[in-house]
Amino acid sequence: MSLTLAIVGRPNVGKSTLFNRLVGKRLALVDDQPGVTRDLREGEARLGDLRFTVIDTAGLEDATDDSLEGRMRRLTERAVDMADVCLFMIDARVGLTPTDEMFAEILRKRSKHVILAANKAEGSAADAGVLEAYNLGLGEPVRLSGEHGEGMTDLYAHLMPLADAAAEKAIEEAPVTDIELDEDGEAVTPLITDAKPLQVAVVGRPNAGKSTLINKIVGEDRLLTGPEAGITRDAISLRIDWADPEGESTPMRIFDTAGMRKKAKVQEKLEKLSVSDGLRAVKFAEVVVVLLDAAIPFEQQDLRIADLAEREGRAVVVAINKWDIEEDKQEKLRDLKESFERLLPQLRGAPLVTVSAKTGRGLERLRAAILRAHDIWNRRVPTAALNRWLIAMLEQHPPPAPQGRRIKLRYMTQAKTRPPGFVVMCSHPDKMPESYNRYLVNGLRESFDMPGTPIRLTLRGQGDKNPYKGRRKKNAGALAKHLKGRA
């Protein structure tokens, strides 16, 4: 698990300039006018020997309504919540402003680690602003110049211990073994609360009916819909309490995304931005609903979208819309299931639900499928049960023996959830064929009831620790020395 750094601050303090310097590319648009950045932008950053994820955010403004500035602020706050560290930037040449002081107070409450950076700090004109920064109570400010690359060594010194702490939590280094169990020995799934609603993204091709479906779930026309394809441009999130027929409600945040066309057909700059916004919504989501048109299901673009959700490690639910206009429903459903298993083997067992966004039929099945997918995505398996299962799998189908040396699988544990990730200690992990990995993953799905969810299996090398290795030579040397002394 790499460190995630969010760069936050007022508009026009130089966040995107520093972002571009850290990633080594001009990924983010920069300009002298404030407010150029509106969406979150992620990149893989390099600073010396450090590798981490950096997020460029929109400028923090004093707006909490549904205006453009208010929506931008909420997106930035979401980045603050998901990041390990926040780099709070001020403009050293302008000095402290009341907005800086207000957002410093917010970051102090919301973020575990805040690094204060005084940007544009080259030259003596910035000295007064750097001294003012101490008044924020966030420690000693780091003097930076994102444009000229000054102060990167000091930033490295602040990030290094935090990066080391994040590395210790990685799957390869520190598998999680403290699994919280209930009275029956079952793993406890994290609760969905008002403070932490279930994050659901609805994705698909243009005109599949995503906005219409969400309007039907919400119970009112909150999103613009129509017969034209491509009405939705931004990834819009709606906070709802989705209740079942018995009245039990589940807090959710549903993201409506722009329709994703084939890459070659996307020419306009605005549509490119809309599609990238939808891709970010997939990364933020916990469950991704891939919405297909019953008339033309499983086109190439549908398969790419479903594969993207699986690669991002999200729980996936496939929903077939416009089911109300289908005539031979039984035969159609049989064909859909056959196509699903054949075209998306990596999502084997994922729920396939038929719905009608227009009439509302099938929404209860969709809700149940989303909750079950989320439950499986959070599932933990006790280590003892995993190792009993591993022994049985090895007896049923032993691993191969490349060059006559059999690969030994010694121990297995679950390292993470969301999605479930497992670590197997073995000899020669680099020689394990992909077919045997698939055998183990498919066995995990069937034995521990985890259909459809992405499963991450990591093979970790563990050398043969022979306690007697070298001992004979050492003892022989000692004996020879003893005999020489006696002679």
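A disulfide is taken here as a pair of cysteine sulfur atoms within 2.5 Å. By this rule, the count for the structure comes to zero disulfides. The structure is a predicted model, in which local features need pLDDT of at least 70 and side-chain atom pairs count only at pLDDT 80 or more, while totals for chains, interfaces and linings use all residues. Residues are numbered from 1 along each chain as its sequence is written, and side-chain values use heavy atoms, with hydrogens and water left out.

With buried meaning under 20% relative accessible area, exposed over 50% and partly exposed in between (1.4 Å probe, protein chains only), cysteine 86 counts as buried because its relative accessibility is 0%. Cysteine 426 is likewise buried, at 0% relative accessibility.

Turning to charged side chains, a salt bridge is a side-chain nitrogen of Lys or Arg within 4 Å of a carboxyl oxygen of Asp or Glu. A search of the whole structure returns 18 salt bridges. One of them joins lysine 120 to aspartate 91, with the closest N and O atoms 3.3 Å apart. This pair links distant parts of the chain: lysine 120 sits in the loop between β5 (114-119) and α4 (127-132), and aspartate 91 in strand β4 (residues 85-91), 29 residues apart. Here helices (H or I, at least four residues) and strands (E, at least two) are DSSP runs, numbered from the N terminus. Lysine 120 is partly exposed, at a relative accessible area of 25%, whereas aspartate 91 is buried, at 7%.

Arginine 205 and aspartate 302 also meet through their side chains in a salt bridge, at 2.9 Å from N to O. This pair, too, links distant parts of the chain, 97 residues apart: arginine 205 lies in the loop between β7 (198-203) and α6 (210-218), and aspartate 302 belongs to helix α8 (residues 300-311). Both arginine 205 and aspartate 302 are buried.

Aspartate 307 is partly exposed, with a relative accessible area of 23%, while arginine 311 counts as exposed, at 52% relative accessibility. Elsewhere, salt bridges that share partners join Arg372, Asp375, Arg379 and Asp449 into one network.
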